[in-house]
Amino acid sequence: MRILSIAFKDINQLARDRKSVLFLLLMPLAFTLFFGLAYRSFTTTGETDGRPVVAIDNRDAGDVLSDDLVTFLAAAPTLRLEELGADADVQKLVEGGVMNAVVTVPRGYGASLLGERAPPLDVVADAGTAEGTSALTALDTSVQRFLGTVQIAILAQQAVGDDVADRTDVGALDSDAVMDAALSSARVAWREPPIVVSASGVPTDTASLSPANPYAQASPGMIVQFAIYGLILSAMLLVLERKTGALARLVGTPTSRAEIIAGHVLAMFVVVFLQIAVLVTFGQFVLGVDYLAHPFAVLLTSAALALWSASLGLLIGSLSRTEDHVVVGSLIAMFVFSAFGGAWFPLEVTGRAFSTIGHLTPGAWAMDAYQSILLRDQGLGAVLQPALVLFGFALLFFVVATWRFEPTT
Amino acid sequence: MKVIAIALKDVRRNLRSGMLLVMMFAVPLLVTALMYAAFGRSGAGDDLAAVRVQVVNLDARVPFAGDVEAGAQLVEHLSSPELADLLTVEERVDPEAARQAVDRGEAAVAVIVPRNLTASAVGTAQRATVELYSDPALTVGPSIVREIVTGFLDGFNGSRIAADVVTRQLRESGRAAATGEARTAATMYAEWFEAHHDRPDASLSVRTPDGSVAEGGMVGMLSLVLTGMMIFFVFFTGANTATSIVREHEEGTLARLHTTPTEPSTVLTGKFCAIAATLLVQVLVLVTAGALIFDVDWGGGLALALATLALVTTATGFGLWLMSLVGSSRQSGPVIGVVLTVTGMAGGLMTTGFTNLPSAFDHVTLFTPQGWVLRTWKLGLAHASMEELLPPFLACLAIAAALFALGARAMRRRFA
């Protein structure tokens with residue numbers, strides 16, 4: 001009963017503080033919306049059909065092979081080809097994201113393909129961006145295939161030429177016609193190659209392997225981040241109670257030390273859990289992130305995350321002597337656990353060491369559990385292990401916090 | 001002299017606050033260090049953890065296919081020492097077990113080689129489909145595997161197409177059977193493919209939009225992240241230190257100061273100088289730390305000086321103006337939090353590491369003072385000419401002057 005009274009007092013105090021609405025709700029909502037918009041640019045490419053947009057400047061127009069390259073690229077399913085305008089500013093087009101890459105076919109390129117070694121095509125793209133990389137990958141595959149097509153045509157021309165030379169029943173060979181026909185056959189064949197790679201039944205030429213909804217990263221990411229940041233207020237209460245002597249007075253009553261700690265932890269748990277509940281609801285109904293596909297898994301994950309956050313809040317509150325300590329402690333905990341936990345960016349895009357360390361931190365387990373639900377469409381079974389690890393971290397932090405807990409300054 | 005005394009007192013007070021020092025220096029450097037730790041020095045992708053791949057080879061041997069065992073060759077390629085840094089391959093027998101390993105998160109991708117792969121490669125079977133069963137929560141790993149598998153299989157595809165095309169052309173020229181020539185064409189294509197495949201820069205020569213040869217741009221990205229964080233926290237410091245006016249008003253020291261022969265404008269100027277001096281120290285420390293720790297190239301000396309001036313004056317003006325709007329020091333925390341978060345986001349400070357935001361966002365940032373400051377710094381980092389640097393720099397000065405004028409007017413009315 002005393003535990004509930006202490007928890008109720010803390011919650012009541014937080015509810016009356018208008019800053020709570022700001023830190024616990026408005027800021028996480030704003031950050032979720034904003035980072036979702038930012039991630040959107042990673043998960044969608046091009047303007048309309050998801051393919052990177054590539055412009056081509058054919059300075060060797062009129063040459064059969066160079067023209068054929070343009071035709072080949074135009075038919076490629078992995079990119080969308082557009083003609084480059086006469087006075088187009090290539091730098092602006094690529095920097096502005098209007099085009100993901102611009103290819104220039106130099107004069108004499110077609111003729112050089114029949115020689116020993118063709119020069120590489122000049123491409124302007126920003127390889128540092130997801131769209132630029134996507135365009136370069138698609139271009140590289142298509143150009144390699146085109147070069148293979150030319151090689152096949154050369155081989156066919158040689159084979160027919162050798163054959164005609166050996167035979168007496170046929171007239172002179174029209175090499176160009178053989179070349180054209182072979183090019184045409186090979187081009188058609190590449191459209192439906194004998195061996196294809198599929199992403200679980202969907203041909204990868206057209207399927208995107210990226211998660212479609214960018215909020216599937218932003219929403220759980222900001223839940224994890226602000227579950228930590230929100231503790232700033234709860235931990236502050238603990239410090240203020242210690243500074244004002246309220247904690248010392250409480251120790252003087254028949255309330256045990258364990259009850260005091262439990263009451264404060266319960267309040268922190270309830271506050272963080274409610275905050276998560278609001279963010280999950282917002283994600284589900286406003287952002288289209290399907291948390292309700294596995295409601296019990298979400299419930300377990302959120303409870304585990306809230307409990308770990310509450311233990312962290314207690315630890316920060318126990319270690320802090322002033323309000324400034326709480327702010328600094330919460331901020332540093334938020335930055336470190338959010339970054340290492342993959343709340344800002346997926347750990348798979350980070351370096352080996354960072355990713356390995358990250359996977360040992362509680363934030364990563366929470367993110368993993370939410371992603372199992374949202375992206376892998378897995379239920380309770382998949383989040384049991386992450387939830388248990390989070391409960392373990394909660395226990396660890398709780399033990400340290402209790403050990404360091406002092407009612408007086 | 002009074003101006004200096006007021007300014008020195010405030011600067012001393014600012015630099016003695018442990019909390020302010022953490023926010024001024026530690027937090028921006030910590031965020032940059034985290035990005036550095038995550039993405040390394042040389043760029044994303046160089047040091048990625050190896051992608052865990054499960055391979056199930058169901059491919060069956062085909063009589064008369066010679067040495068061709070497409071499935072085994074694919075597995076050998078994926079397990080080759082050249083790809084050891086990229087892939088960690090584990091062979092499995094059961095496709096379902098491989099898929100379940102992916103479901104459990106034990107592998108990023110399962111590559112399931114069909115029974116008819118070799119048959120399709122040598123032309124005795126119809127289309128073969130190699131299945132990539134990937135973890136939907138991952139994007140980079142599956143893309144790498146797809147690229148490697150597709151690139152390798154294109155060798156078989158090309159050989160088969162070469163054989164088919166040669167056969168067709170010989171038939172059209174009147175030959176009834178051309179098995180030998182087809183096989184020769186397939187072999188020659190395979191040799192050509194082996195010589196050309198995986199040769200860097202064989203088909204494309206890539207340049208960045210500014211004309212330089214494309215390479216990992218992590219140092220550039222770190223510079224932008226540090227710049228974004230620096231601008232954000234300099235604005236925070238500007239607003240936070242400006243609360244001293246409100247605080248001193250509440251504590252009564254401002255009223256006591258006004259009983260002395262000190263003009264209100266002198267007090268305000270002293271406060272302005274204190275904020276500007278604190279911010280200048282902050283920028284200089286962060287710029288030096290960025291150069292020493294993260295190897296940031298801040299651009300030319302003049303550009304850096306202009307960018308610093310733009311940042312310090314704008315953040316000072318913004319801080320004074322913002323604090324002229326708050327009623328009490330209790331209000332200042334939430335006001336600083338909300339206004340700086342919103343304007344920082346809209347100004348592009350949180351997304352400096354995002355390289356492919358919609359271009360329209362560049363224009364949105366210019367509705368905030370932070371956006372103009374960021375533009376000035378970005379131009380400095382890009383070694384832009386003075387002609388390009390001056391307009392945003394002058395815009396920053398104009399914004400700073402306007403904010404200072406508005407803030408000073410409001411404060412004079414309130415505190416004088």
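Good morning. The model before you is predicted, so local features are taken at pLDDT of at least 70 and side-chain atom pairs at pLDDT 80 or more, while totals for chains, interfaces and linings use all residues. Residues are numbered from 1 along each chain, chains are lettered from A and ligands numbered from 1 in the order written, and side-chain values use heavy atoms, without hydrogens and water.

I begin with the interface. The size of an interface is often given as the accessible area lost when the parts come together. Here chain B and chain A bury about 8000 Å² between them, of which 66% is on carbon and sulfur atoms; this buried area is the accessible area, with a 1.4 Å probe, that the two parts lose on being put together, summed over both. Chain A brings 92 residues to the contact and chain B brings 88, where contact means heavy atoms within 4.5 Å.

Three salt bridges are counted between chain B and chain A; the term stands for a side-chain nitrogen of Lys or Arg within 4 Å of a carboxyl oxygen of Asp or Glu. A:Asp122 forms a salt bridge with B:Arg207, with 3.0 Å between the closest N and O atoms. On the side of chain B that touches chain A, α6(B) gives the most, with 21 residues. Helices here are DSSP runs of H or I with at least four residues, and strands are runs of E with at least two, numbered from the N terminus.

Next, the sheet. Five strands form an open, mixed sheet in the order β2(A)-β1(A)-β3(A)-β4(A)-β5(B). Two strands pair if DSSP finds at least two bridges between them. Because β2 of chain A and β5 of chain B each have a single partner strand, they stand at the edges, and one side of each has no neighbour in the sheet. Strand β4 of chain A and β5(B) run parallel and are joined by four bridges; in one of the pairings, A:Leu121 has B:Leu204 as its bridge partner.

Is A:Gln144 buried or exposed? A:Gln144 lies in helix α6 of chain A and counts as buried because its relative accessibility is 19%; buried means under 20% relative accessible area, exposed over 50%, and partly exposed in between, with a 1.4 Å probe and protein chains only. Leaving aside neighbours within four places in sequence, A:Gln144 is in contact with B:Trp192, B:His196 and B:Ser203.

B:Asp135 lies in the loop between β4 and α6 of chain B, and is buried at 3% relative accessibility. Beyond four places in sequence, its contacts include A:Arg376 and B:Val102.

B:Gln54, in strand β1 of chain B, is buried with a relative accessible area of 3%. Its side chain makes a polar contact with the side chain of B:Arg92 at 2.4 Å. Thank you for your attention.

Definitions and conventions. Polar contact = N/O pair within 3.5 Å; in protein donor to acceptor, adjacent residues only side chain to side chain.
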